[in-house]
Amino acid sequence: MTTIWGWGAQRRVDCDVRTPATPAELPRLIRREGTLGRGLGRSYGDAALNEGRRVIDMTRLDRYVSFDPQTGRLTCEAGVSLEAIIRDFAPRGWFPAITPGTKFVTIGGCIANDVHGKAHHAQGTFVTCVESMKVLVADGRIVTASRDQHADLFWASFGGMGLLGLIVEATIRLRRVETTYFKQKTIVAKDLEHMLDALAEHDATSPYSVAWLDPMATGAKLGKGVLTVGDHASLAELPAGLQAEPLRVFPPGKLVVPFQLPELTLNPLTMRVVNTVIEGVLRKGGAFNHAEGFFYPLDAIGDWNRGYGKRGFIQYQFVVPFDDGRAVLRRLLETIVSAGQLPFLNVLKRFGPANEAHLSFPMAGYTFAIDFPVRDGLTDLTGRLDGMVADAGGRIYLGKDSFLGAAPFKRMYRRLGEWLEVKRKWDPDGVFTSDLGRRLELC
Ligand SMILES: Cc1cc2nc3c(=O)[nH]c(=O)nc-3n(C[C@H](O)[C@H](O)[C@H](O)COP(=O)(O)OP(=O)(O)OC[C@H]3O[C@@H](n4cnc5c(N)ncnc54)[C@H](O)[C@@H]3O)c2cc1C
């Protein structure tokens with residue numbers, strides 16, 4: 001048994017971890033009493049944990065199978081990371097079409113969580129760039145799933161949390177880019193109404209947008225913060241100094257948090273200092289930013305999750321529909337800032353419409369994600385928020401979730417029944433399991 005954890009490191013569990021080097025090894029590694037695929041472990045909670053049972057670490061299945069330089073169509077094994085794709089293809093003018101806020105994620109993980117990025121309102125979720133995939137299902141077959149072939153398995157796999165089989169290979173489309181730089185603009189908002197107006201206005205014109213709210217602002221200033229909007233910079237738009245190497249790629253940063261910081265380093269004072277620094281950096285953001293700074297600011301510091309201390313941390317991300325969304329969002333933010341917990345990093349965005357995948361998280365509305373170090377009373381807060389989100393017709397993101405119960409989950413994900421039918425069809429004996437799956441009664 002090997003002890004593993006999610007990115008938030010609130011629970012460490014012993015799992016029977018295997019790390020195959022070739023897809024041919026996979027069928028023999030399936031255990032009927034519970035098996036789960038795992039990528040780079042960037043899900044915050046227990047999505048990639050399977051206590052006491054088999055976990056198949058897919059990260060050595062990281063080969064490219066084929067690439068078409070005319071169309072950007074890439075077929076690769078599911079353990080290929082976005083970091084590798086950027087390193088190998090960005091210098092040739094191709095970038096991942098959809099990317100979350102870290103590049104240290106695998107293609108399998110991006111499918112299982114149907115990840116979204118800063119451009120959801122304009123570009124949708126990860127499924128939009130996936131043409132097909134090969135899945136090792138419970139009866140031992142490797143089947144191809146696409147919009148035309150085994151379409152039920154295809155759609156249920158996006159947001160399916162790895163519970164339908166092992167994703168072995170996928171064909172995805174990369175985005176052609178002239179540069180690895182972004183032109184960006186920041187807008188300082190004085191309160192929530194101002195921020196939401198600015199987000200709505202800029203979503204119509206900017207494909208990428210994301211806001212940071214000051215978690216210490218209350219009362220009339222609640223929702224004050226900085227909105228950053230942007231788009232890929234063309235070669236002609238780049239300043240002369242950057243034109244010499246427009247497709248520059250940087251290696252991963254060398255800065256690493258060396259060990260778990262003691263809990264006493266996290267207190268209202270550090271929260272104030274961290275948030276003041278963030279605000280200063282965001283306000284000063286220049287007109288051009290490299291993709292590393294624009295998409296992946298946190299990737300610059302290795303193992304930054306250790307900074308939250310021994311008890312770990314959670315990220316709580318919800319979406320609430322636009323109808324009555326402003327009032328609901330205000331109530332949720334008031335609950336968060338008055339709860340006596342320590343709210344750290346956060347992100348506010350507008351999502352575009354939901355897609356056809358039964359358990360995909362995004363839906364038209366406001367989404368907010370916020371980190372909390374684990375302290376006494378945190379689950380009381382998340383329980384209260386879960387109820388408010390469900391009452392508003394919203395939902396929370398399973399890729400970040402740690403504590404949601406099966407009952408509120410059922411209220412949030414209305415197409416769960418259809419997903420469970422697909423699960424019963426492809427995995428009738430419940431071979432694919434996870435801690436998250438057991439907690440939410442998905443397996
Ligand atoms: C700093 C940071 C920023 C983030 N920003 C965003 C964001 O902006 N948007 C967003 O959507 N998410 C975001 N995330 C979450 C992250 O994108 C997802 O959790 C993603 O799924 C992690 O990929 P992974 O390879 O680490 O998968 P893991 O965390 O290892 O696994 C995630 C799920 O995928 C399944 N899985 C993995 N590989 C396979 C496979 N080959 N076959 C079957 N199932 C598999 C696992 O069973 C598990 O259910 C962020 C995470 C971090 C740490």
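**Briefing: a ligand shell and its protein surroundings**

At 29% relative accessibility, Phe322 counts as partly exposed; buried means under 20% relative accessible area, exposed means over 50%, and partly exposed lies in between, with a 1.4 Å probe and protein chains only. The model is predicted, so local features need pLDDT of at least 70 and side-chain atom pairs count only at pLDDT 80 or more, while totals for chains, interfaces and linings use all residues. Residues are numbered from 1 along each chain as its sequence is written, and side-chain values use heavy atoms, with hydrogens and water left out.

**The ligand and its shell**

- The ligand is surrounded by 33 residues, and the closest of them are Gly37, Gly39, Arg42, Thr106 and His116; a residue is near a molecule or strand if one of its heavy atoms lies within 4 Å of it.
- By class, this shell holds 17 nonpolar, 13 polar and three charged residues, where Ala, Val, Leu, Ile, Met, Phe, Trp, Tyr, Cys and Pro count as nonpolar, Asp, Glu, Lys and Arg as charged, and the others, Gly among them, as polar.
- Domain 1 (64-178) and domain 2 (181-404) each give at least three residues to the shell around the ligand, with bounds that come from an automatic or database domain assignment.
- Polar contacts, which are pairs of N or O atoms within 3.5 Å (within protein, one must be able to donate a hydrogen and the other to accept it, and residues adjacent in sequence count only if both atoms are side-chain atoms), include a ligand oxygen atom 2.6 Å from a polar backbone atom of Gly37.
- A polar backbone atom of Gly41 lies 2.9 Å from an oxygen atom of the ligand, and an N or O atom in the side chain of Tyr397 lies 2.8 Å from an oxygen atom of the ligand.
- Taken alone, the ligand exposes 960 Å², of which the protein buries 96%; accessible areas come from the Shrake-Rupley method with a 1.4 Å probe, and for residues only the protein chains shown count as cover.
- The elements that give two or more residues to the shell are strand 3 (35-38), helix 3 (107-112) and strand 10 (166-176); helices (H or I, at least four residues) and strands (E, at least two) are DSSP runs, numbered from the N terminus.

**Aromatic pairs**

- A search of the whole structure finds 20 aromatic pairs, and rings of Phe, Tyr and Trp (its six-membered ring) pair if their centres lie within 6.5 Å, with planes under 30 degrees apart counted as stacked, over 60 as edge-to-face and the rest as tilted.
- The Phe182 and Phe294 pair is stacked, because the ring centres are 4.2 Å apart and the planes stand at 10°.
- That pair links distant parts of the chain, since Phe182 belongs to strand 11 (residues 181-189) and Phe294 to helix 9 (residues 291-295), 112 residues apart.
- Phe182 counts as buried at 1% relative accessibility, and Phe294 is buried as well, with a relative accessible area of 3%.
- The Phe322 and Tyr366 pair is edge-to-face, because the ring centres are 5.0 Å apart and the planes stand at 90°.
- This pair also links distant parts of the chain, with Phe322 in the loop between strand 17 (313-321) and helix 10 (325-337) and Tyr366 in strand 19 (residues 365-373), 44 residues apart.
- Tyr366 is buried, with a relative accessible area of 3%.
- Ring pairs also link Phe95, Phe182, Tyr208, Phe294, Phe295 and Tyr296 into a cluster.

**Residues far apart along the chain**

- Ala112 lies in helix 3 and counts as buried at 11% relative accessibility, while its C-alpha atom is separated by 9.8 Å from that of Arg38, 74 residues apart along the chain.
- Gly165 lies in the loop between helix 5 and strand 10 and is buried, with a relative accessible area of 7%; the C-alpha atoms of Gly165 and Thr433, 268 residues apart along the chain, are separated by 9.5 Å.
- Glu237 is found in the loop between strand 13 (225-232) and helix 7 (240-243) and counts as partly exposed at 34% relative accessibility, with 8.3 Å between its C-alpha atom and that of Lys183, 54 residues apart along the chain.
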